[in-house]
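Open the structure in your viewer and keep the selection tool at hand. This tour goes stop by stop, starting with the ligand.

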Amino acid sequence: MVKAVVGANWGDEGKGKITDMLAEKADIIVRFQGGANAGHTIVNDYGKFALHTLPSGVFYGHTTSVIGNGVALNIPVFFKEYNEVVSKGVPAPKILISDRAQIVMPYHILFDQYEEERLGGKSFGSTKSGIAPFYSDKYAKIGFQVNELFDEDHLKEKLASVCETKNVLLEHLYHKPLLNVDELFAELMEYKKMVAPYVCDVSLYLNNALKEGKEILLEGQLGTLKDPDHGIYPMVTSSSTLAAYGAIGAGVPPYEIQKIVVVSKAYSSAVGAGAFVSEIFGEEADELRRRGGDGGEYGATTGRPRRMGWYDCVASKYGCRLQGATDVAFTVLDVLGYLDEIPVGVAYDIDGEITTDFPTTAKLEKAKPVIEKLPGWKCDIRGIKKYEDLPENCRKYIEFIEEKIGYPITMVSNGPGRNDIIYRNK
Ligand code: GDP
């Protein structure tokens, strides 16, 4: 069977921790979309890790970690991360890379930087990892799949053709140095050496694994609101963040995805530009940011401070619906223990109309949050293992939100570690 772990919101919900935890019982962990533009933070017995491309299952000896065809694969970044993990004492993980995964080319990163520079203040807040130019090229059919590294004549010819168009833009739009086909080819031959031992027909491998009764975990990046179709377009990422896309980005039948664990954090944070209805500012935001996550809410890839807000039931209900949540994992709840009262966004006021349905972007820009305040529990809930042992106000907070979003909260995370988890039978 296939399980997916995906985000309900803007990303940074704590998916890495939940995946790492669920990976204990899984055989195969697959990344199916996105690239090195976002990161998961994982704390376990080996230490604290920021993973960008490596699946969160790499810490277990029994799992195979797979890069699916839907991923934007930055080969040097991937191996740098791999080497870092191994150098910290983690046994060398078993890795497979789809022969259909496409490669983030050195010029994708350059184009990402140049375009952000060109847009100036109107930029999308890209992490400049080359993700948007990568996916543009993929759908313009001028991307490079991993298998193409192994056909040198074809590769050189295609590179020459692609560079011709790229160089026109570099010269006339960006006024930057031109690409050199021979240098690029040499770089790709280095990439080939790195990936060669791991290349695999991943969809075939996964389908065989399913026949053998293996458990596969699909690991999503970011969350529903960053999905290019269902998110806050255009302030979204370039590949689908939905569990449904796992079927495509890994190459498994959609009906095999039977469990969809949607991760939602007990308060909100977001990176990059775009409407963020329940956002808070000033000292209130600074305090939540400082106390948030595990050591503060700062980007795992960029280190930039995240935008902070209260829990948004409208966005999360929508986020769970589009993911098709069978389970909600409610995370980072321990952080809220300092508050006397906890504000929660329960509806949007759009030009005087109150709604709990998440709107399209232009309407979202006008939305004001309707806030209700719940009493805090004013204590540290880390270390608690049983739901009944949580303070009453804490349970009330969980149950209030569960009722508003309409999906079952079956896991409550009350600390960054693997064992900081409370299961609820629903
Ligand atoms: P991801 O991309 O969705 O995995 O999100 P992040 O990497 O930003 O994870 C959120 C941060 O919160 C990380 O630093 C985690 O170690 C931490 N974290 C995850 N779950 C919990 C939790 O229940 N409590 C606390 N305090 N921190 C958590």
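How many residues surround the ligand, and which are the closest? Select the ligand and look around it. There are 21 residues surrounding the ligand, and the closest are Lys15, Gly16, Thr41, Asp334 and Ser413. Keep in mind that this model is predicted.

**Stop 1: contacts of the ligand**

Select Ser413 next. One of its polar side-chain atoms lies 2.5 Å from an oxygen atom of the ligand. Now move to Gly14. Here a polar backbone atom is 2.9 Å from a ligand oxygen. Then pick Glu13. Its backbone also supplies a polar atom, 3.1 Å from an oxygen atom of the ligand. How much of the ligand does the protein bury? Taken alone, the ligand exposes 590 Å², and 97% of that is buried by the protein.

**Stop 2: the shell around the ligand**

Colour α1 (15-22) and β3 (40-44). These are the elements that give two or more residues to the shell around the ligand. Now colour the shell by residue type. It divides into 9 polar, 8 charged and 4 nonpolar residues.

**Stop 3**

Hide the ligand and look at the space it takes. That space is the second largest pocket. The second largest pocket holds about 540 Å³ of space. Its lining counts 33 residues, and the closest to its centre are Gly14, Thr41, Gly293, Asp294 and Arg306.

By type, the lining divides into 14 polar, 11 charged and 8 nonpolar residues.

**Stop 4: the cavity**

Bring the whole structure back into view. A search of it finds 1 cavity of 30 Å³ or more. The largest cavity has a volume of about 40 Å³. Select its lining: Asn9, Trp10, Gly11, Glu13, Lys265, Tyr267, Ser268 and Ser269. Glu13 is in this lining, and its backbone also has the 3.1 Å approach to the ligand. The lining divides into 4 polar, 2 nonpolar and 2 charged residues.

**Stop 5: two backbone details**

Go to Pro234. Is the peptide bond from Tyr233 to Pro234 cis or trans? The bond is cis, with omega near 5°. Pro234 sits in the loop between β10 (216-219) and α8 (243-250).

Finish at Asp351. Its phi is positive, about 50°, although Asp351 is not a glycine. Asp351 is in the loop that runs between β17 (341-350) and β18 (353-355).

Technical notes. Residues are numbered from 1 along each chain as its sequence is written. This is a predicted model: local features need pLDDT of at least 70, side-chain atom pairs count only at pLDDT 80 or more; totals for chains, interfaces and linings use all residues. Side-chain values use heavy atoms; hydrogens and water are left out. A residue is near a molecule or strand if one of its heavy atoms lies within 4 Å of it. A polar contact is a pair of N or O atoms within 3.5 Å; within protein, one must be able to donate a hydrogen and the other to accept it, and residues adjacent in sequence count only if both atoms are side-chain atoms. Accessible areas come from the Shrake-Rupley method with a 1.4 Å probe; for residues, only the protein chains shown count as cover. On a 1 Å grid over the protein atoms alone, a cavity is a set of points where a 1.4 Å probe fits but cannot get out, and a pocket is an open set with protein on both sides within 12 Å along at least five of seven lines; lining residues have an atom within 4 Å of a point. A molecule sits in a cavity or pocket if more than half of its atoms lie within 2 Å of its grid points. Helices (H or I, at least four residues) and strands (E, at least two) are DSSP runs, numbered from the N terminus. Ala, Val, Leu, Ile, Met, Phe, Trp, Tyr, Cys and Pro count as nonpolar, Asp, Glu, Lys and Arg as charged, and the others, Gly among them, as polar. Grid points are joined across faces, edges and corners, and a volume is the space filled by probe spheres set on the points.
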